[in-house]
Every structure is written in structure tokens, then in C-alpha cells.
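Subject: Structure handover

Hello,

Here is the structure I promised to pass on. Please open it alongside this note, then read on for what was found.

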Amino acid sequence: MPVTPRYNDFVVKFANVNGSGSASANGLFAKGVMRMGVPVAARNIFPSNIQGLPTWYEVRITEEGHLGRRGGVDLMVAMNPQTWDKDVAEIESGGFLFYDSTKPMPASAFREDISVIGVPLTAMCNAAYQVPRERQLFKNIIYVGALCALLGMEPEVFETLFAEQFKGRQRLIDANLAALQMGVDYVREHLEPLPLQVRRADRVGDRIYVEGNEAAALGAVYGGATVCAWYPITPSTSLAEAFTKYCQQLRTDPETGKARYAIVQAEDEIASIGMVVGAGWNGARAFTCTSGPGISLMTEFVGLSYFAEIPAVIFDVQRGGPSTGMPTRTQQADLLAAAYSSHGDTKHPLLFPADPGECFTMGALAFDLADRLQTTVFVMLDLDIGMNEWLVEPFQWDEKRQLDRGKVMTYEDLESGRDFGRYLDVDGDGIPYRTYPGAHPTRGAYFTRGTSRNPYARYSEEGAVYVDNMQRLLRKFETAKSLIPAPILKKAKGKAKDGVIYFGSSSAAMDEALAALAAQGLQLDGLRVRGFPFADAVYDFIAAHERVFVVEQNRDAQLKTLIVTEGGVDPARLTSVLHYDGTPITARFIAGEIAMLTATGQVEAAE
Amino acid sequence: MTYILKPQLHHPKLPTNSLGYTRRDYEGSVSTLCAGCGHDSISAAIIQAVYELEILPHRIAKLSGIGCSSKTPDYFLGASHGFNTVHGRMPSVLTGANLANRELIYLGVSGDGDSASIGFGQFAHAIRRGVNMTYIVENNGVYGLTKGQFSATSDKGSKSKRGVVNHDSAIDLVSIALQLGATFVARSFSGDKAQLVPLIKAALSHKGAAFIDTISPCVQFNNHAGSTKSYDFVREHNEAVNRLDVIVGREAIDVDYAPGETIEVAQHDASILRLHKLADSYDPTDRVGAIAYLQSAQARGEIVTGLLYVDPEAEDLHDGLGTVETPLNALSDSELVPGVEALARINAVLR
């Protein structure tokens, strides 16, 4: 039956076995779409395993440029028998199933409301290749070729990509092209193009395609970080690896070939943050990158950094918790653990990047903030941003920008006789001056400690002295409000009496959900929170709207808790929309929840 | 109380070193430890060593963990920056500090609880990384600040003040440090200043991980009969393998020692370690031999002291990482921030 094709707006999901070489083929497919000028939003859904377990790759082809997950699958590339039933069940009604038809499948394995496209991939491979590894790897390329033909893509984009990937290794280029062509030819001879079509467009522009971890690492380079101490943990490992790569590239002394950086793989997360605190104490910009379990281990040092006022930066690439939780799935569930990390009364600035572009800018900014505020600054990525490539605007840097080292008294300052009290609030903003060790032969030295002390850094257990210091730390936190990136208001087209607050990796799906809700006649103003402590604008936004939804990817409404606790908001004023199954939140989920909560009046009931 | 500063006044005729500093210029606040504590003797030895080495006090960074020993950096080198970190984690903080500025001299002071129990892992890893530091453990075999619990260096069978016998095996930090690749390993006794001061001087001059286990009796909780870390026990069972002089480049020292075999070891910084051998068979440049010697002495119930091992050609963590000579904390913005053109090239690769 002839159907009008759907152009540039559908979801392809690849179901594979981990370790089968599918990741690079699937990535190739996504890049091929982008080279045709059509934006993609691609996400890896992978197991905590190296070989053998199921893994998925979801590519959303979206001329409109929706970079969040939509939800649902239009074309399933089912390459994993283990997950066949679940994969088939996930296809939208009227959707398509692509499978390896080498072995005949019983009719009961399919669904009546979907179309099935079989390509005998294994048979083709076995005929063409002798080496088992080649059979496996080229099978992936053959299905990319088949998809290319089925979806009306230009094979030339893949030729270019092979040429870039294998740079001059002609044998590899030819072998991949041959495999691709095998898939293309099979479809042209035996099948019809699908009514899902990729059509050349010009919607990608000069955007770049990059993972958040890589972007954050590059941000750390531009932010002047010189010391990185880390311990491997999914999903943060690639951040340290990318920092290493970029430092080798950008921070090698051109004359001596020596390193203008020091990267240590520590024995654990405690040592990692210990080294960061030591380097920060000594005037170098230092960071570690980790995930939830690492945050738990680091808490004692975070408290020391807070109380002794030592700059540190922690990139927390959040994964599913608690405990080992879901190590390869995404969540925004470390907010409270980070914001109030450590025993005693503590609070720490957090940054919430929404995509890799902000991972770069906030990755650099975090070091200025840490030096300015003399405390630990957390950059709260998550697995979805950190380990998936996102299409974002090119990185930008202002050539005139200088690193803000904060309040440091130099040799000259000390020599001039300026009074130095390490914990003295000279400027009324709660931020004291510090000295680097070794600054001056007779002035400026002090004993840094996690115990209570007076403004001149001398040990004191006097109640009044302690309280003064704790109050100053609160003033400092108040100062932080003006330094954290301000929330971004997204006004509805019409007058909206309801609002929604969101942050981080939910933002792309949220933007799309807002548009979908508006189309249904539900107007909402959006406020994207970009950091903690919250600006007054967050509380003004809540006051200005009748109903306020808070969208987050955790079970316990952690952002809501922070907003309520820090601003004295009546909890009933805020309605949570929570998604925490470990997959990235979708536009459909958010729009559906908000529409349902509004329609059923559950929101009013809460008020 | 540790906030009591010592009066600055001193006798006008106090001798000075070539920098014009008196020994008093290397002191810190008044100690709050118990009278007679071995740790105070170690602080005095550190002051003496730095005075004699003629190091400007602000060029030293002193770091510690938590416990009686870790309080002591407040009591020496008052013009040095100090950092009293968290329990058992001084090694990582010192490592980070060292990475940030390779030009300062790093002195880590710790205790047996701090380094052999809670911080055993960090102790091990800082040593095996070859962090350029002097790491002193003030080893009294007991938790003093929490009033007398056994520590991980308490000998099996030793008796606590309350009469409890320790069942667990002791960790010998010296043997461990040798196995981990420390390039300077010594043991001394807080009551033996003549031995301890030169050892500290030699360790401060050493490039690489220098470890000194200093037995330091706890007068309150571990100085009774039955303790193997008491003054009496250590004096009776101390077997010194050598006596050491440290000769720094410019000075010519006439050594007044009883004749015996002497070997000289030149360190990276041109200091000469002149070792007067007391035990004939002992070679302080033989790591394997040192371990064997220690084990056999231990089996006899003897505590070996002196410079047990030194590798004068040692490399440190910075050598391994290939870092620039300029301290990382002194690099300029232009050396750190790659700039707009580099970013444009990166953007191009990511399309």
C-alpha cells in the first residue's frame, strides 16, 4: 500500500550485543544522517559489561532539531536474539522491524501491526568473508548499507566518513565501502525504500557533535586546570581520558616537550579528592571526576574544603543510584549528596550543564568559581550528557578572558604590610584572602586545619568565634548566588498561569514537551535552573505562577527539596514530575505527565 | 593550647646560620602534648635539622593527618605553611601539593594510627609513586589522643597500660616502605637526637620518597613494662647499623668519629651522606639485603635503627609525569589557556 513517506522525523533503534563492533557502525549511521544536514539525537543504552550483554543505540532523526528523547521507536534494527521479544514490542504501531533473515522466523515472532524487513545478513557475510571477526564486523556495515538504501540516504556521505575515519588506509576504506555496497545492493535488488526517509536538509549548520565528558574536559583545559587526580568509574572515566588527550595536545611545552599538567590515577576516590585539595591549597587549579559512589567516598574532604576554604572542582557524572545502583544508566540523583556533602553544616555550589556546550563553559567557569569562593564546586553532569554525543553550537572562547584567581595576597601585598587574616572578612562578602605556601619569608604563613579557628587562623573552640566563622561562611554562600549562572526563563507564547522548573539533561526533552503542550492549549512558562545556590529569580518565578511543576530524573524530588529547603517554599506549591528508570527522560513522558496532572486536577488537590 | 605563640624575644647572642636565622626562627607555637612526649623531641630534631640545613622556613610545606603526631607541625617551623588534613589522608594531600609546586620542600608528619591503620593505603601509594617528600611517622604503637587503644604497629603480645595483651600482628612500616620502593628508608628513636637530626637532614635533601619511622614512646599510654615502644625497651633493644653525617655542598665538616668503615653517598642535590658503619655486614644501598637484615634482627627482638636504605639516583613523581620545571601553580594564563585558534581546530574535528 502506498504511504506518504515521513521525512526527517523518526526514531531508529539498534538492538545489539555488547562487544560485537556495533557501536562504531551505529555511530557511523548517525553521522551519515548529520552529513545530510539533518540533526540527530543519539543515545547509547549499554550494560555494565564488556562483551555479551544487550546494548541499544537510539538515533532520533529530527529536522526540527529536538535533541531530547522523543519516546517510542519507528524502526527497530533487531540484531540481538536475546532481546527480540522486548525489542519487537517496543515498536510503534505501524512501525518497522529490520532483522537478519538468514534463519527463518515463525510468524509468531512478529506483530501484525508492523512491517518486517528481512536482510540475510549472516548468509551474506558468510559468503563474502572467511575470517570470523570480519564476518562479525562487516555484518554491521552491511546493515548500515541496507539502511542507507531503505531510508533514501546518499551512500557518498559514508564514503566521506570512511575516508575521514581511516585517513589514507586505503585497504580499510575499500573493505568498508564494499560491505556498505553489499547492503545497498541487496535492498535495491530485493526491497522497496521505506516510508521513513532521510532527505537532504540544511539544519545542522556549523554545530559540533560531542560528548559532555569530552566537552567538560576541554573546559577544564581552558579553565586552567593543571592537576587532575581521578579513579576510574563509569560514567566519568572518559572525562579524565579526554583531559589527558587534550592536555597532550594543547598543554605540552613546545620547547621542552614537558607537561604543563599533572594527571594521577589515584588509588581510590578519597586519594583523588585529597590530591585535588592539596593542589588547590597550593594554588594550582585541580579537579577530579567521578560518579555517585565516588561522591560518597569524597565527603570528608569536601567538608574540609568547605571549612578550611580550599578550592576544588568535582565533575559528578551522575548515574543510577543508590549504592552501585545502575552503573550504566542515567539519573540526576546526586543533587542532595553533592549540595550538602559532608558532616556538619555544609553547602556547596553546584552547576547544572544542560548539554555538552554548557559542559565546556561551566567546566571552565567552575575553576574561576572555586578560586573565587575558595570552596568545592560541583559540576553535575549525568550519563546522558556525559557519555552521549550531542549536537551543540561550536565551542567559543573570549580571547580577552582572564582566569579569575580570586583573593590571593601576593609577596608584594604582604611586603606592603597589609594585614593578613586568613579567615578575616575584609570586604563584607564573606570571602577572605589567602596566601599560597611559600609566598613570603616571614609573613602570610598560617596553619590550615579543619578545626575551628579565629579569623587569624589560630585554633579556637570558643563558641562565639565558631559562630562568627559559620555565619561568614553563610555570607560567602550568599555571595555565590550572584556568581552562579542565572536561570533562563522560557516564556510561553501566550499568558501562562502555570510554570515548570527543570535543569540539566532534561532540558532538551522539556523544550519539546513545552511546545507539544502549547499545541494542546496548555501554556506553561519554563525556568531552567543552571546552578545552586538558587538566584532570587527562582523564587520570583514560583511566586508568579499558580502551579509550578518541577521536572527531574530521580525518585525523591531532590531539586524540589533543595528549592523548598533553601527558599522556605510551601512544598505543596510545587508538583513533581519524576522519571527515574535509568533511561533518559522523554518529551512524551513529560508532556503526558503534565497533561495528565493538569487534567485530573491532581495539582489543584495538592494545593 | 596551640594558639599560644612563643615570645619572639631571644638572647642577642644566639648563634645564627648563614641565612642569619637563629634556631628560634624555626620554632612554632608552644606544644600542647604531654610533658616528656617523644613527639616533642622529634619536633626539636626537625627544627635543628632545618636550621642546620639553612633552609628558609617558608620554603617548606608541612603536612599532617590527625592524631597527637599530626598536631606537631604547629609546634615547629612557624613561618612555614602547614596543613593539618584529615585522618590518614596526609599522603594524598601532600601529593597534590607537591604536584602544584615542585619547588617547595614537603615534610609529612604522621603517626602509626594515621599511617598504618586508617591511612595505610595512602601511605603505600604515596611511597610507591615516589613523591618527593620526607615522611616521618612518629610511631608510639598506641592511640594517644583517644587514650590508649592499640595501633596497627603495636607488637603482637605487647601489653597495654590496662593489661590487655595485643593479639594482632604488627605492621612494620620500614619493611613495607622498602617493599613499596621508597628510595630513602630510615628508623630512629625520638630519644636519640644525635642519630635523628642527621637522618632528617639527609631525608630533606633526598629527592624521592624518604621515609623515617621514628619510635616515639607515649609517656601516658605506652611507656610501661610490657610495652615494646617504651623508652626502656627501645634503649635496650636498639641496634644502630650506622651513624650519619650530612654534608651540604659548601661546608667542610671535620668529622670526629671513632675509626671504622665509612662510606659516602652523594645525593641529587650535591649533599654528601657520610655513613659510619656500625654493623659490618650492612650495606645501605642494597634493598634486598636491607629487608633480610631487618627481618633477622626482628626475629631476635632487636630494633634496627639508622639509614637502612638509600638510592641516591632516585627519580620522583614529577620525573615520571614529565612535568615542566616551572611550578604548575605559577604557569601564566597564556601557558594554560590554549586560545581561540586551537578551539576552532577542535570544533572542526568535531563536525
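Helices and strands here are DSSP runs, with at least four residues (H or I) for a helix and at least two (E) for a strand, numbered from the N terminus. On that basis, Pro533(A) sits in the loop between β21 (531-532) and α17 (536-543) of chain A. Please note that this is a predicted model.

**Backbone points to check**

The bond joining Phe532(A) and Pro533(A) is a cis peptide bond, with omega about 5°. Another cis bond runs from Gly321(A) to Pro322(A), and its omega is near -5°. Pro322(A) belongs to the loop between β13 (312-318) and α11 (335-339) of chain A.

Ser323(A) is in the loop between β13 and α11 of chain A. Its phi is positive, about 50°, although Ser323(A) is not a glycine. Gln374(A) also has a positive phi, near 50°, and is a residue other than glycine. Its place is the loop between α12 (356-373) and β15 (376-382) of chain A.

Why mention these? Most residues other than glycine have a negative phi, and most peptide bonds are trans.

Are Ser323(A) and Gln374(A) buried or exposed? A residue is buried with 20 or more other C-beta atoms within 10 Å, and exposed with 12 or fewer. Ser323(A) has 8, so Ser323(A) is exposed. Gln374(A) has 24 C-beta neighbours inside 10 Å, so Gln374(A) counts as buried.

**Domains of chain A**

Chain A divides into domain 1 (6-197), domain 2 (210-392), domain 3 (411-483) and domain 4 (488-606). The centres of domain 1 and domain 3 of chain A, taken over C-alpha atoms, are separated by 60 Å.

**Two sheets in chain A**

One open sheet has six strands, in the order β3-β4-β2-β5-β6-β7 (chain A), and its pairing is mixed. At its edges are β3 (40-45) and β7 (115-119) of chain A, each pairing on one side only. From one strand to the next, the twist averages 15°. β3(A) pairs with strand β4 (residues 54-62) of chain A in the antiparallel sense, over six bridges. Within β4(A), Trp56(A) stands opposite Ile45(A).

Another open sheet has five strands, ordered β18-β20-β19-β22-β23 (chain A), again with mixed pairing. Its edges are β18 (488-490) and β23 (574-578) of chain A. Each has a single partner strand, so one side of each is left without a neighbour in the sheet. Here the twist averages 25° from one strand to the next.

Strand β19 (residues 498-502) and strand β20 (residues 524-528) of chain A pair in the parallel sense, over five bridges. Tyr502(A) has Arg528(A) as its bridge partner in β20(A). Helix α16 (residues 507-519) of chain A lies across β18, β19, β20 and β22 (547-552) of chain A. It runs at about 170° to β20(A).

**Nonpolar cores**

The largest nonpolar core holds 275 residues. Which of them touch the most other members? They are Val227(A), Phe243(A) and Ile590(A). Helix α4 (residues 132-150) of chain A gives the most to this core, with eleven residues.

Val227(A) has contacts in both chains. Leaving aside neighbours within four places in sequence, they include Ala262(A), Met275(A) and Val276(A), as well as Gly96(B), Leu99(B) and Leu328(B). A second, separate core has five residues, among them Val142(B), Tyr143(B), Phe150(B) and Phe221(B).

Ala179(A) is buried, with 25 other C-beta atoms within 10 Å. Not counting residues up to four places away in sequence, Ala179(A) touches Phe138(A), Ile141(A), Ile142(A) and Gly145(A).

**Where the chains meet**

The contact takes 56 residues from chain A and 49 residues from chain B. On the chain B side that touches chain A, α3(B) gives the most, with eight residues. By class, that side has 24 nonpolar, 19 polar and six charged residues.

A strand pairing also links the chains. Strand β17 (residues 447-449) of chain A and β2(B) pair in the parallel sense, over three bridges. Arg449(A) has Asn84(B) as its bridge partner in β2(B).

Best wishes

How values were computed:
Residues are numbered from 1 along each chain as its sequence is written. Chains are lettered from A and ligands numbered from 1 in the order in which they are written. This is a predicted model: local features need pLDDT of at least 70, side-chain atom pairs count only at pLDDT 80 or more; totals for chains, interfaces and linings use all residues. Two residues are in contact if their C-beta atoms, placed from the backbone, lie within 7 Å. Ala, Val, Leu, Ile, Met, Phe, Trp, Tyr, Cys and Pro count as nonpolar, Asp, Glu, Lys and Arg as charged, and the others, Gly among them, as polar. Two strands pair if DSSP finds at least two bridges between them. Axes are lines fitted to C-alpha atoms, for helices over the stretch in contact, and angles run from 0 to 180 degrees between N-to-C directions. A nonpolar core is a set of buried Ala, Val, Leu, Ile, Met, Phe, Trp, Tyr and Cys residues joined through C-beta atoms within 7 Å. Domain bounds come from an automatic or database domain assignment.
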